[in-house]
Structure formats: structure tokens, C-alpha cells
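Work through the exercises below with the sequence and the model open. Each task is followed by a solution in steps.

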Amino acid sequence: ARMAGPPARTAPGSRQQVQGGESRAQPASGAPPARETRAPFRFDYERFRRSLRHPVRGGRTGEDPETRARRMKIKEMMKFAWDNYKQYALGKNELRPLTRNGHIGNMFGGLRGATVIDALDTLYIMELEQEFQEAKQWVEKSFDLNVNGEASLFEVNIRYIGGLLATYYLTGEEVFRSKALELGEKLLPAFNTPTGIPRGVINLGRQGTAFPHGMSWSWGWASAGSSILAEFGTLHLEFLHLSELSGNPVLVCALSQVMNIRRVLSRVEKPQGLYPNFLSPVTGSWVQHHVSIGGLGDSFYEYLIKSWLMSDKRDSEARKMYDDALEAIEKHLVKKSAGGLTYIAEWRGGILDHKMGHLACFSGGMIALGAQHGAEQRRQRHMELAAEITSTCHESYTRSDTKLGPEAFRFDAGSEATATRLSERYYILRPEVVESYMYLWRLTHDPKYRHWGWEVVQALEKHCRVEAGFSGIRDVYTTTPTHDNMQQSFFLAETLKYLYLLFCEDDVLSLEDWVFNTEAHPLPINHTDLKA
């Protein structure tokens, strides 16, 4: 098998066996593993490429001119976003398009170039060859991992590790693999907690500096020093591949620590079968009973179904956890408004909050993806649910003056699918709605999803495109919006990639070969029927 995963396997060059993560891995600081005399580990990239069922960029045959023209427009938007980032902010994390300068921010602990790493695979898929080479050159010459500072384990994992891994699998260029593995090792101290549930913040600093290497702690705002479900639950896909590509016992150990997270979650009692968003990394028990399929919870559920798909449907533990969680969500959180819109409410200690965040709009795509396999009756019910939720998210766009959706929308006091609070009216170039359009298009080929996606393209062009890039807007309910002066890196990683794929043939990054991480970085499925 190409992938260390739930089936037991011994990593090359290592005596540590990953047994679905049953035993807690030893901390990386112990005695070095005994030296083996066998040849150094080498990942067989050519064999991996032969395992793919479709060319990465597809065959591109028989499409109509309108679809091609729309795809080319989205490619032009990507080139425009990249060219302006390169001109005004290369090496910074994001472009500030109004002031034409760069933004660094404090999420990445001294790492730079978030937009470069996030954009790499999109540039490659869109065949923007020169721009891809510019990005690759920056990684080779300027991407420094010897940094100091507090980083979000989650953000570094999904953006940097995910982007580097995906680009390695797409191109076979060694620089991306080696940077991913080196950075992956820097994240491991986050797991040094009594339960093995990682903390949310890690210091990437060097030893012997003012900051001791590898300290980790919880977010100051997270309830009582807790870890966040969507953060510790969104590591599996990337760590599976880090382990697979490295042959390094330390990273294989790390995978077993990620697998151990499931053990902790299976032991703790779930209220009504639901998973609250905050868990103590010290005691392994819930800290608050707030449940959300949007921010703080979202990608935990996504990574369960995607872990199963990535394992070529062998990781039955992940599938069962997903099925059970979705059943509890259907039973307790899925509601229908007076106007007939299906939405997923949030749950606070048994009391429903009838709001849905933009982040929760990924769930239409997730539920559709998970519906493809299983009993016909259940498949039909879940496809209907996925379509209804996606339609509700489309309504949140349609009911705004800009035809872009707000950060959160509510179903109370007579309002439906609209933001009722000033603090929720902004749009920061988020991808979740078009992500669901892309999955539902691929799984149903209902033309409305392409139509809806094109509405988003037109709205982005009209309201978010400025002279030197794309910017979020502060209020989607006014046609003369104020810009927030930020071109988010995920706009290039996710929003534009999903829009582009919506207008591609199904064999471009085929769902038979690839699973997208939660930053839309494609990671390969482990095809078990591979002929050597």
C-alpha cells in the first residue's frame, strides 16, 4: 500500500508499527531509533503517477465554447491575483491590494509566503506555467523554515503542509517534499500533552534562542485552555502523507499520535451523539457544549469522510464516526425555515441558535461526497439534503445587493438567509459556497450549479476586483461596498480553484484520484488495486 494508515504497517527504516494508532507514540525526544542497514527510504514517485486513473490536468475534450470561455475568465482572475501579489507583496503572507503592499499577520509564526504556497497547485492546474515557475523559485530560494514565533498548528498544517504536499504529488519536484517534511517535524511538540490532543498554538522557534523550541499552548480566547475540534480534527490527511513520504520514524510516530485523537474522542461521552467544539487537552473531556458545523467544528467532520475516501474506503472507523455524527446532526441540528429553506443550526448546551455561518456552507459538498457510497435510500436522502443546504447558501448570496454572501446568516425574527447583525455582513473572498457548487456539479451535473458559480464570478469581478488585486468587502448589502484591503491567500488556493474546476471536465483533478484538504490542496487517494 502507498499509505500508512489505519491498516497496520511498518514504515520503511523503522521498527515502530502503526497499529491504527492504538499505542501512544513516544515523544520525539527519546533515544534515537536503532540504525538500520537497509537502503535509505525513497518514495517511488513514478509508481505513484502510474496509479492515477486520470491525467492530472485531464483530457479536455468535447466541451462547449461557453464553458471554456468561462474557465478562461477564471484563469485570468487567478493570473491577475498572482501578478499583483508578486509585484507588491512577494514573500509577505498576503497582498493588501488597495495600499499595494504586503501583510504578514500573526497566524504563521514567522513563516512567510502563505500566498505563494497556497497558490502553487492552482497555478499548476490552470497551466499558468510561468507563474508557477515564479512561485517555485521563491520556495527554492527564499522560503525559510528557521523562524521564531507563535503559529497556528491548524493554519500551518492546512495551508503550508497541504500546499507543499499537493504540489509535490502534482509535479514530483523534490523541493516541495523536503520542505513539507522539515516543517512537519516542527509541529510535533504540539502533541506533547497528557492526552495527546494537540494544543492550538506552537512555537516554531529554534533551540538556543529566547524562545525554547517546540513549546505549545492553547489559544488565549479558547475556553479554559481547551483545544478546538476543527483544529485537532483536521490533521489526518496531511500527517498520513507526511508519514508516507518520509520513511522517518518520527513522522510515523506523529501519525499514530494523530490516530490517537480518535481514541480519545471515542472514549468521551457525546451529548446526543454530537461533538462539542472545545476539548481539554489535559483531561480529554469537553469544556463547553457548543456544537457547530461552521467555524470551530467544520473540518473535523470533513476529514472523517475524506480519510475514508483517501484510504480507498478501508478506514471503516472514520466512516462510522462520520455516519454517526451526521445522523446526530440530521436529528438535532437540521431545520427547515418557515419559507422552506433547509439549514444547519448551532447548538449551545441544548438550545438551538438558528444561524448558519458561511464556513458551514461547505457541508452541502461534504454530504454529497459522503452520500455516494452506501444504501440507495440513504444516498438519495443525503443527496437531497446536500442539494437543499447548498440551495440555502445560494439564497444567502441571492438575497444580498452584491450577490455575495455574508459571513453568517440567520433564520429568526422573520428574516431568512440574511445577516441580521452588522458584525456579520462582510465577505472576505471565502470559498465554501462555490466549493459545494463544484461537488454538486460533479456528482449531479445539474447545470444550475455552473449557473450559480458564474453569478459568483460576476459578483467578484464587479465588487471585489480593484486596481491591484481582489479585496474582501465590509457589507454585502450595499452596492457601493467598502473594501477591506486584503487578498486572502485562500482566495487563490480555494475560491478560484473550485470555480475553475466547476468549469472543467470531471477528469481534471478527478475525485477518483484526489481528495481535497480543507484548503483545497489535492492529496492522492491510496489506490489499493495498484499494479506495480
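A residue counts as buried when its relative accessible area is under 20%, as exposed when it is over 50%, and as partly exposed in between. The model used here is predicted.

**Exercise 1. A salt bridge and its network**

Task: Decide for Arg348 and for Asp353 whether the residue is buried, partly exposed or exposed, and state which network the two belong to.

Solution. 
Step 1. Arg348 and Asp353 form a salt bridge, with 3.4 Å between the closest N and O atoms.
Step 2. Asp353 has a relative accessible area of 17%, so it is buried.
Step 3. Arg348 has a relative accessibility of 38%, so it is partly exposed.
Step 4. Salt bridges with shared partners join Arg348 and Asp353 with Glu346, Arg410 and Glu424 into one network.

**Exercise 2. Two further salt bridges**

Task: The structure holds 34 salt bridges. For Glu173 and Lys136, find where each residue lies; then do so for Asp324 and Lys320.

Solution. 
Step 1. The side chains of Glu173 and Lys136 meet at 3.1 Å, N to O, in a salt bridge.
Step 2. Lys136 belongs to helix H4 (residues 129-142), while Glu173 sits in the loop between helix H5 (153-171) and helix H6 (174-186), so the pair ties together parts that are 37 residues apart in sequence.
Step 3. Lys136 is buried because its relative accessible area is 10%, whereas Glu173, with 28%, is partly exposed.
Step 4. Asp324 and Lys320 also meet through their side chains in a salt bridge, at 2.6 Å, N to O.
Step 5. Both Asp324 and Lys320 are in helix H11 (residues 316-332), four residues apart, which is about one turn of the helix.
Step 6. Asp324 is partly exposed at 36% relative accessibility, and Lys320 is partly exposed with a relative accessible area of 49%.

**Exercise 3. An annotated position**

Solution. 
Step 1. Locate the residue: Thr518 is in the loop between strand S21 (514-516) and strand S22 (522-524).
Step 2. Thr518 has a relative accessible area of 16%, and therefore it is buried.
Step 3. Leaving out residues up to four places away in sequence, Thr518 touches Phe154, Ile158, Thr234, Ser299, Glu302, Tyr303 and Glu494.
Step 4. With one of these residues, Glu302, Thr518 makes a polar contact between side chains, at 2.8 Å.

**Exercise 4. A buried loop residue**

Task: Which residues is Gln488 in contact with, leaving aside its neighbours within four places in sequence?

Solution. 
Step 1. Gln488 lies in the loop between strand S20 (469-470) and helix H16 (489-502).
Step 2. Its relative accessible area is 15%, so Gln488 is buried.
Step 3. Apart from those sequence neighbours, the contacts of Gln488 are Glu94, Ile428 and Leu429.

**Exercise 5. A sheet of three strands**

Task: In what order do the three strands S8, S9 and S10 form an open sheet, and which are the edge strands?

Solution. 
Step 1. Strands of a sheet pair through backbone hydrogen bonds, and the pairing is either parallel or antiparallel.
Step 2. In this open sheet the order is S8-S9-S10, with antiparallel pairing.
Step 3. Strand S8 (227-228) and strand S10 (286-288) each pair on one side only and are the edge strands.
Step 4. Strand S9 (residues 278-279) is joined to S10 by two bridges.
Step 5. Opposite Phe278 stands Gln288 in S10.

Technical notes:
Residues numbered from 1 in each chain as written. Predicted model: local features only at pLDDT ≥ 70, side-chain atom pairs only at ≥ 80, totals over all residues. Heavy atoms only, no water. Buried < 20%, exposed > 50% of the residue type's maximum accessible area, 1.4 Å probe, protein only. Contact = heavy atoms within 4.5 Å. Polar contact = N/O pair within 3.5 Å; in protein donor to acceptor, adjacent residues only side chain to side chain. Pairing = 2+ DSSP bridges. Salt bridge = Lys/Arg side-chain N within 4 Å of Asp/Glu carboxyl O.
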